[in-house]
Amino acid sequence: MGTPAVEWELSGFGDEIDDDPKIQIAVMQALGAKHIEVRSAWGTNIVDLDDAQLRELKSLLDAAEMKVSAIASPIGKVDVSLPVEHEVERLRRAVNAAQVLESRYIRIFSFYYGEDVAVESIRDAVIERMRALADVAEESGVVLLHENEKDIYGDIPERVLDIIETVSSPALKVAWDAANFVQVGVKPFDDAYAKLRPHLEYLQVKDALFSDATVVPAGEGDGDLLRTVEALKADGYTGFASLEPHLAGAHGLGGFSGPTAFGIAARAFAKVLNEAGVGTK
(Lines give C-alpha, C1' and ligand atoms only; values in the text may rest on other atoms or scores of the structure.)
Protein backbone atom coordinates (compact mmCIF):
# COMPACT_ATOMS: atom_id res chain seq x y z
CA MET A 1 0.00 0.00 0.00
CA GLY A 2 1.45 3.36 -1.05
CA THR A 3 1.45 6.69 0.74
CA PRO A 4 -2.08 8.06 1.25
CA ALA A 5 -2.98 10.90 -1.10
CA VAL A 6 -3.89 13.09 1.90
CA GLU A 7 -1.40 13.70 4.71
CA TRP A 8 -1.88 15.77 7.85
CA GLU A 9 0.76 17.15 10.21
CA LEU A 10 0.86 15.01 13.36
CA SER A 11 1.50 16.79 16.64
CA GLY A 12 0.71 16.31 20.31
CA PHE A 13 0.70 17.92 23.74
CA GLY A 14 4.22 17.23 24.93
CA ASP A 15 3.49 17.69 28.62
CA GLU A 16 0.95 14.85 28.48
CA ILE A 17 4.03 12.65 28.03
CA ASP A 18 6.43 14.05 30.64
CA ASP A 19 7.49 17.31 32.27
CA ASP A 20 10.94 17.01 30.64
CA PRO A 21 10.89 18.43 27.10
CA LYS A 22 13.69 16.05 26.08
CA ILE A 23 11.40 13.11 26.81
CA GLN A 24 8.45 14.89 25.18
CA ILE A 25 10.46 15.35 21.99
CA ALA A 26 11.83 11.79 21.99
CA VAL A 27 8.38 10.22 22.32
CA MET A 28 6.84 12.46 19.66
CA GLN A 29 9.68 11.58 17.29
CA ALA A 30 9.22 7.88 18.03
CA LEU A 31 5.60 8.30 16.91
CA GLY A 32 6.77 9.79 13.64
CA ALA A 33 5.81 13.39 14.43
CA LYS A 34 7.81 16.41 13.34
CA HIS A 35 5.77 18.81 15.47
CA ILE A 36 4.87 19.23 19.13
CA GLU A 37 2.26 21.35 20.91
CA VAL A 38 3.70 23.19 23.90
CA ARG A 39 1.56 23.70 27.00
CA SER A 40 4.33 23.47 29.59
CA ALA A 41 7.96 22.48 29.98
CA TRP A 42 9.86 21.47 33.12
CA GLY A 43 6.51 21.64 34.94
CA THR A 44 6.05 25.35 34.14
CA ASN A 45 3.19 26.69 32.03
CA ILE A 46 4.15 28.22 28.70
CA VAL A 47 3.08 31.74 29.74
CA ASP A 48 5.31 31.51 32.82
CA LEU A 49 8.53 30.38 31.12
CA ASP A 50 11.14 33.12 31.12
CA ASP A 51 13.13 34.10 28.04
CA ALA A 52 16.10 31.93 29.00
CA GLN A 53 13.84 28.88 29.36
CA LEU A 54 12.16 29.62 26.04
CA ARG A 55 15.54 29.86 24.33
CA GLU A 56 16.64 26.58 25.91
CA LEU A 57 13.44 24.91 24.73
CA LYS A 58 13.96 26.30 21.23
CA SER A 59 17.52 24.90 21.22
CA LEU A 60 16.26 21.44 22.20
CA LEU A 61 13.64 21.54 19.44
CA ASP A 62 16.13 22.77 16.84
CA ALA A 63 18.62 20.06 17.76
CA ALA A 64 15.89 17.45 17.20
CA GLU A 65 14.62 19.20 14.04
CA MET A 66 11.20 19.51 15.67
CA LYS A 67 8.79 22.40 15.15
CA VAL A 68 5.95 23.74 17.31
CA SER A 69 2.42 23.32 15.95
CA ALA A 70 0.81 25.57 18.55
CA ILE A 71 1.23 27.27 21.91
CA ALA A 72 -1.37 25.62 24.16
CA SER A 73 -1.94 28.62 26.38
CA PRO A 74 -4.34 28.86 29.34
CA ILE A 75 -5.64 32.23 28.11
CA GLY A 76 -9.36 32.51 28.80
CA LYS A 77 -9.37 29.82 31.49
CA VAL A 78 -10.15 32.45 34.10
CA ASP A 79 -13.36 33.98 35.40
CA VAL A 80 -14.92 36.51 33.07
CA SER A 81 -15.19 38.98 35.96
CA LEU A 82 -11.45 39.67 35.83
CA PRO A 83 -10.45 42.87 33.99
CA VAL A 84 -9.96 42.68 30.22
CA GLU A 85 -6.29 43.56 30.60
CA HIS A 86 -5.61 40.49 32.78
CA GLU A 87 -5.72 38.06 29.88
CA VAL A 88 -4.43 40.57 27.35
CA GLU A 89 -1.19 40.76 29.32
CA ARG A 90 -0.96 36.98 29.59
CA LEU A 91 -1.62 36.70 25.87
CA ARG A 92 1.32 39.01 25.20
CA ARG A 93 3.51 36.49 27.04
CA ALA A 94 2.03 33.68 24.96
CA VAL A 95 2.73 35.70 21.81
CA ASN A 96 6.33 36.11 22.90
CA ALA A 97 6.58 32.34 23.37
CA ALA A 98 5.04 31.79 19.93
CA GLN A 99 7.56 34.12 18.36
CA VAL A 100 10.56 32.53 20.09
CA LEU A 101 9.34 29.02 19.25
CA GLU A 102 8.26 30.04 15.73
CA SER A 103 4.61 29.01 15.90
CA ARG A 104 1.72 30.96 14.38
CA TYR A 105 -1.02 29.35 16.50
CA ILE A 106 -2.04 30.04 20.12
CA ARG A 107 -4.83 27.98 21.71
CA ILE A 108 -7.23 29.99 23.93
CA PHE A 109 -10.59 29.66 25.75
CA SER A 110 -13.65 31.86 26.31
CA PHE A 111 -13.86 32.33 30.07
CA TYR A 112 -15.34 30.66 33.11
CA TYR A 113 -18.27 32.13 35.05
CA GLY A 114 -19.83 31.46 38.44
CA GLU A 115 -22.31 28.65 39.07
CA ASP A 116 -25.03 31.17 39.94
CA VAL A 117 -24.38 33.25 36.80
CA ALA A 118 -26.61 32.86 33.73
CA VAL A 119 -24.45 32.16 30.68
CA GLU A 120 -26.46 34.62 28.56
CA SER A 121 -25.58 37.42 30.98
CA ILE A 122 -21.84 37.20 30.27
CA ARG A 123 -22.01 37.27 26.47
CA ASP A 124 -21.07 40.93 26.08
CA ALA A 125 -18.17 40.62 28.53
CA VAL A 126 -16.89 37.54 26.70
CA ILE A 127 -17.12 39.23 23.30
CA GLU A 128 -15.32 42.31 24.63
CA ARG A 129 -12.48 40.14 25.93
CA MET A 130 -12.24 37.96 22.82
CA ARG A 131 -12.15 41.10 20.65
CA ALA A 132 -9.30 42.50 22.75
CA LEU A 133 -7.40 39.22 22.44
CA ALA A 134 -7.99 39.13 18.68
CA ASP A 135 -6.63 42.69 18.40
CA VAL A 136 -3.38 41.58 20.03
CA ALA A 137 -3.20 38.57 17.71
CA GLU A 138 -3.80 40.66 14.60
CA GLU A 139 -1.06 43.12 15.45
CA SER A 140 1.32 40.29 16.41
CA GLY A 141 0.78 38.14 13.32
CA VAL A 142 -0.49 35.06 15.19
CA VAL A 143 -3.76 33.13 14.96
CA LEU A 144 -5.82 32.35 18.05
CA LEU A 145 -7.49 28.94 18.18
CA HIS A 146 -10.60 28.86 20.37
CA GLU A 147 -11.00 25.46 22.01
CA ASN A 148 -14.50 24.41 22.99
CA GLU A 149 -14.33 23.39 26.64
CA LYS A 150 -16.87 22.55 29.32
CA ASP A 151 -17.69 25.29 31.85
CA ILE A 152 -16.67 28.19 29.57
CA TYR A 153 -18.94 30.40 27.47
CA GLY A 154 -17.91 28.69 24.21
CA ASP A 155 -18.77 25.15 25.26
CA ILE A 156 -21.49 24.37 22.70
CA PRO A 157 -21.32 24.95 18.93
CA GLU A 158 -23.87 27.77 18.86
CA ARG A 159 -21.87 29.88 21.30
CA VAL A 160 -18.56 29.03 19.64
CA LEU A 161 -20.03 30.24 16.36
CA ASP A 162 -21.39 33.35 18.07
CA ILE A 163 -17.89 34.25 19.28
CA ILE A 164 -16.21 33.64 15.93
CA GLU A 165 -18.81 35.46 13.84
CA THR A 166 -19.26 38.40 16.22
CA VAL A 167 -15.55 39.07 16.73
CA SER A 168 -15.08 38.43 13.00
CA SER A 169 -11.28 38.47 13.02
CA PRO A 170 -8.93 36.66 10.65
CA ALA A 171 -6.85 36.00 13.77
CA LEU A 172 -9.55 34.00 15.59
CA LYS A 173 -10.34 30.46 14.41
CA VAL A 174 -11.68 27.18 15.80
CA ALA A 175 -9.73 24.35 17.41
CA TRP A 176 -11.99 21.28 17.26
CA ASP A 177 -12.14 19.06 20.34
CA ALA A 178 -14.67 16.23 19.97
CA ALA A 179 -14.28 14.91 23.52
CA ASN A 180 -15.10 18.29 25.02
CA PHE A 181 -18.29 18.45 22.96
CA VAL A 182 -19.28 14.97 24.15
CA GLN A 183 -18.73 16.05 27.75
CA VAL A 184 -21.36 18.80 27.38
CA GLY A 185 -23.88 16.52 25.66
CA VAL A 186 -23.18 17.60 22.08
CA LYS A 187 -22.96 15.11 19.22
CA PRO A 188 -19.81 16.50 17.61
CA PHE A 189 -20.38 15.63 13.97
CA ASP A 190 -24.17 15.91 13.83
CA ASP A 191 -24.51 19.02 15.98
CA ALA A 192 -21.33 20.98 15.35
CA TYR A 193 -19.41 20.06 12.21
CA ALA A 194 -21.47 21.92 9.58
CA LYS A 195 -21.71 25.03 11.79
CA LEU A 196 -18.02 25.26 12.61
CA ARG A 197 -16.25 23.73 9.61
CA PRO A 198 -15.86 27.11 7.82
CA HIS A 199 -13.80 28.32 10.80
CA LEU A 200 -12.07 25.04 11.74
CA GLU A 201 -8.32 25.54 11.62
CA TYR A 202 -6.88 22.91 13.96
CA LEU A 203 -7.82 19.41 15.13
CA GLN A 204 -7.26 18.31 18.72
CA VAL A 205 -7.52 14.56 19.08
CA LYS A 206 -9.32 13.01 22.01
CA ASP A 207 -12.54 11.07 22.42
CA ALA A 208 -15.07 10.57 25.23
CA LEU A 209 -18.18 8.63 26.25
CA PHE A 210 -21.64 10.14 26.64
CA SER A 211 -22.43 7.67 29.43
CA ASP A 212 -20.02 9.07 32.02
CA ALA A 213 -17.86 11.66 30.17
CA THR A 214 -14.80 9.39 30.47
CA VAL A 215 -12.02 10.23 28.02
CA VAL A 216 -11.00 7.27 25.84
CA PRO A 217 -8.63 6.70 22.90
CA ALA A 218 -9.67 8.15 19.53
CA GLY A 219 -12.35 6.10 17.82
CA GLU A 220 -13.41 4.29 21.00
CA GLY A 221 -15.92 6.89 22.22
CA ASP A 222 -18.87 8.94 21.02
CA GLY A 223 -16.87 11.74 19.44
CA ASP A 224 -17.51 10.72 15.82
CA LEU A 225 -13.79 10.79 15.08
CA LEU A 226 -13.96 8.65 11.96
CA ARG A 227 -16.84 10.60 10.40
CA THR A 228 -15.09 13.86 11.24
CA VAL A 229 -11.78 12.75 9.76
CA GLU A 230 -13.52 11.49 6.62
CA ALA A 231 -15.41 14.78 6.25
CA LEU A 232 -12.28 16.86 6.82
CA LYS A 233 -10.46 14.81 4.21
CA ALA A 234 -13.31 15.35 1.75
CA ASP A 235 -13.27 19.09 2.55
CA GLY A 236 -9.57 19.33 1.75
CA TYR A 237 -8.26 19.81 5.29
CA THR A 238 -4.45 19.58 5.36
CA GLY A 239 -3.58 21.03 8.77
CA PHE A 240 -2.50 19.72 12.16
CA ALA A 241 -3.91 16.81 14.14
CA SER A 242 -2.68 17.20 17.71
CA LEU A 243 -2.93 14.34 20.20
CA GLU A 244 -4.32 15.41 23.59
CA PRO A 245 -5.26 12.03 25.09
CA HIS A 246 -6.00 12.88 28.77
CA LEU A 247 -5.88 9.14 29.47
CA ALA A 248 -4.29 9.18 32.92
CA GLY A 249 -6.04 12.18 34.42
CA ALA A 250 -7.25 15.72 33.88
CA HIS A 251 -7.22 18.91 35.91
CA GLY A 252 -8.11 22.57 35.49
CA LEU A 253 -5.24 23.53 33.25
CA GLY A 254 -4.84 20.31 31.28
CA GLY A 255 -4.38 16.58 31.40
CA PHE A 256 -1.75 13.85 31.57
CA SER A 257 -1.25 10.50 29.91
CA GLY A 258 2.36 9.37 30.33
CA PRO A 259 4.47 7.81 27.56
CA THR A 260 2.70 4.43 27.49
CA ALA A 261 -0.87 5.77 27.39
CA PHE A 262 0.20 8.44 24.93
CA GLY A 263 1.45 5.70 22.64
CA ILE A 264 -1.87 3.86 22.98
CA ALA A 265 -3.66 7.08 22.02
CA ALA A 266 -1.40 7.59 19.00
CA ARG A 267 -1.99 4.04 17.74
CA ALA A 268 -5.75 4.40 18.19
CA PHE A 269 -5.77 7.60 16.15
CA ALA A 270 -3.53 6.02 13.51
CA LYS A 271 -6.16 3.29 13.13
CA VAL A 272 -8.85 5.95 12.56
CA LEU A 273 -6.69 7.76 10.02
CA ASN A 274 -5.87 4.54 8.20
CA GLU A 275 -9.55 3.66 7.91
CA ALA A 276 -10.23 7.12 6.48
CA GLY A 277 -7.27 6.96 4.11
CA VAL A 278 -5.36 9.80 5.72
CA GLY A 279 -1.63 9.69 6.39
CA THR A 280 0.57 11.80 8.66
CA LYS A 281 3.86 13.55 8.12
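Predicted model: local features only at pLDDT ≥ 70, side-chain atom pairs only at ≥ 80, totals over all residues.

Visitor: Okay, H1 and H2 to begin with. At what angle do their axes cross?
Guide: Roughly 30 degrees, with the axes of H1 (residues 21–30) and H2 (residues 51–63) coming within 10 Å. Angles under 35 degrees count as roughly parallel, so that's what H1 and H2 are to each other.

Visitor: Left-handed or right-handed crossing?
Guide: H1 passes H2 in a right-handed crossing.

Visitor: Which residues make the contact?
Guide: On H1 it's Pro-21, Lys-22 and Ile-25, and on H2 it's Leu-57, Leu-60 and Leu-61. Sorted by class, that contact has five nonpolar residues, no polar ones and one charged.

Visitor: Now H7 and H8. How far apart are their axes?
Guide: The axes are 11 Å apart, and H7 (residues 188–196) packs against H8 (residues 225–235) at about 25 degrees. H7 and H8 are therefore roughly parallel to each other. Their crossing is right-handed.

Visitor: And which residues meet there?
Guide: Phe-189, Asp-190 and Tyr-193 come from H7, and they meet Arg-227, Thr-228, Ala-231, Leu-232 and Asp-235 from H8. The contact of H7 with H8 splits into four nonpolar, one polar and three charged residues.

Visitor: Switching to the inside. How many residues are in the largest nonpolar core?
Guide: That core has 81 residues, and Trp-8, Ile-106 and Phe-269 touch the most other members. The helix giving the most to this core is H4 (residues 123–140), with eight residues.

Visitor: Let's stay on Ile-106. What is it in contact with, leaving aside neighbours within four places in sequence?
Guide: Quite a list: Ile-106 is in contact with Ile-71, Ser-73, Leu-91, Ala-94, Val-95, Ala-98, Val-142, Val-143, Leu-144 and Leu-145.

Visitor: What about Asn-45, buried or exposed?
Guide: Buried means under 20% relative accessible area, and Asn-45 has 15% relative accessibility, so it counts as buried. Its place is in strand S4 (residues 44–45). Leaving aside neighbours within four places in sequence, Asn-45 is in contact with Arg-39, Ser-40 and Pro-74.

Visitor: I was also looking at backbone angles. What's the phi of Glu-65?
Guide: Glu-65 has a positive phi of about 55 degrees, although it is not a glycine. Glu-65 lies in the loop between H2 and strand S5 (67–72). With 69% relative accessibility, Glu-65 counts as exposed.

Visitor: Then Ser-168. Where does that one lie?
Guide: Ser-168 is in the loop between helix H5 (157–167) and strand S8 (172–177). Its phi is positive too, about 50 degrees, and it is not a glycine. Exposed means over 50%, so Ser-168, at 55% relative accessibility, counts as exposed.

Visitor: Last one: Ala-5. Where is it, and is it buried or exposed?
Guide: Ala-5 lies in the segment before strand S1 (6–12). It is exposed, with a relative accessible area of 85%.

Visitor: How far is its C-alpha from that of Ala-94?
Guide: The C-alpha atoms of Ala-5 and Ala-94 are separated by 35 Å, and the two residues are 89 residues apart along the chain.

Definitions and conventions. Residues numbered from 1 in each chain as written. Heavy atoms only, no water. Axes fitted to C-alpha atoms, helices over the stretch in contact; angles between N-to-C directions. Helix = DSSP H or I, 4+ residues; strand = E, 2+ residues; numbered from the N terminus. Parallel < 35°, antiparallel > 145°, perpendicular 65-115°, else oblique. Left-handed = near helix turned anticlockwise from the far one by under 90°. Contact = heavy atoms within 4.5 Å. Nonpolar A, V, L, I, M, F, W, Y, C, P; charged D, E, K, R; others polar. Core = buried A, V, L, I, M, F, W, Y, C linked by side-chain atoms within 4.5 Å. Buried < 20%, exposed > 50% of the residue type's maximum accessible area, 1.4 Å probe, protein only.
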